[in-house]
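User: I would like to learn how to read a few features in a structure. Please take them one at a time.

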Amino acid sequence: MTSIPRAAIHAWHPQAPLQRLHFDWLAGVELAVLRLDLIDPLISGNKWFKLAPHLRHAAEQGARGIISLGGAHSNHLHALAAAGQRFSFATVGLLRGDPQDTPTVADLQRFGMQLHWLGYGGYRQRHRAAFWTPWLARYADFLAVPEGGGGLPGALGCAGLPAMVASQLPALGWDDYHGWWLAAGTGTTLAGLVMGEGGQRTVHGALAVPLDHGVPEQVRALLAEAGHDPGGYQLLEASRGGFARQDAELLAFIAQSEAQTGLPLEPLYTAKALLALREAIGRGEVEAGRRLIFVHTGGLQGRRAAAAAASAR
């Protein structure tokens, strides 16, 4: 493959529809969902918005490809590999753990991504200063992208989402809204929304991971690096005991919500964030009359493994 095609990357500006949501538990709160899951069948969710600045930088540098990290169900690697196939550039994935077959891994291979399994110990080395040195020597002229498409470029890629919402408010009959509600796995998308809002509205992040994963520290670091004021957001616990931890209440909530609205959810991020909103409303922490934008961050491709596990039981 040749270098990353600059013109094609710069020309693609997918738009996500904004849709009203009606649940019987909203208690006077008005809710709309930004359907990032619908921007593309494969390059879906918030992953493209985090990836795009990295890809533009790589194209401007004349890079031949992208190398990044993730797990066997990684939405980030899935979007990266799909983008590589779509725009004809090489991709390399460094994966956590030992080789395994999952629907996501099958897609990565089908999309042409070169995979390397690091084991668990090797993957834990990813934060060391010299981690990338041998990989970038092996894959010369590749750009290394942080896990999940994070870092300041990834956050800045999400800073335009408020403008996307603003252009669609009249179709909902809204003249404004009061804040955002979304899942936070690394805090990158949340930090981008805070930057895009510039302090006008609060961004509520429902933590899909425990506090010891460092999301509060990452958000503060991203805002500081951007020279942004440290406020404008709130984080709340929503991991329900751990990342990817699922329980009967969560699974029942997914089934009920999908039956009521037709909105597809996945149990790692969007469902936990939406359930956290229901609980916050139930506690009286979100008052009637508030208008919120819920962000569907995608990740639906990961539901296939859960479905396969359920059918095997």
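User: Which side chain meets that of Glu249 in a salt bridge?

Analyst: First, the basis: this is a predicted model, in which local features need pLDDT of at least 70 and side-chain atom pairs count only at pLDDT 80 or more, while totals for chains, interfaces and linings use all residues. Residues are numbered from 1 along each chain as its sequence is written, and side-chain values use heavy atoms, with hydrogens and water left out. Side chains of opposite charge can pair when their charged atoms come close. A salt bridge here is a side-chain nitrogen of Lys or Arg within 4 Å of a carboxyl oxygen of Asp or Glu. The partner of Glu249 is Arg240, at 2.8 Å from N to O. Both belong to a network of salt bridges that also links Asp247, Arg278 and Glu279.

User: How many salt bridges does the whole structure hold?

Analyst: The search finds 16. Among them is the one between Arg303 and Glu258, at 2.7 Å from N to O. That pair links distant parts of the chain, with Arg303 in helix H14 (residues 303-312) and Glu258 in helix H12 (residues 248-261), 45 residues apart. Helices (H or I, at least four residues) and strands (E, at least two) are DSSP runs, numbered from the N terminus. Arg303 has a relative accessible area of 31% and is therefore partly exposed; Glu258 is partly exposed at 25%.

User: In what order do the strands of the open sheet lie?

Analyst: Two strands pair if DSSP finds at least two bridges between them. Here 6 strands run in the order E1-E2-E10-E7-E8-E9, with mixed pairing. E1 and strand E9 (233-237) are at the edges, each with a single partner strand, so one side of each has no neighbour in the sheet. E8 (residues 202-207) pairs with E9 in the parallel sense over 5 bridges. Leu207 stands opposite Glu237 in E9.

User: Which residue has a positive phi of about 50° although it is not a glycine?

Analyst: That is Ala27, in the loop between strand E1 (18-21) and strand E2 (30-35). Ala27 counts as exposed because its relative accessibility is 58%. Ser88 also has a positive phi, of about 60°, and is found in the loop between helix H3 (75-87) and strand E4 (90-95). Ser88 is partly exposed, at 43%.

Technical notes. Buried < 20%, exposed > 50% of the residue type's maximum accessible area, 1.4 Å probe, protein only.
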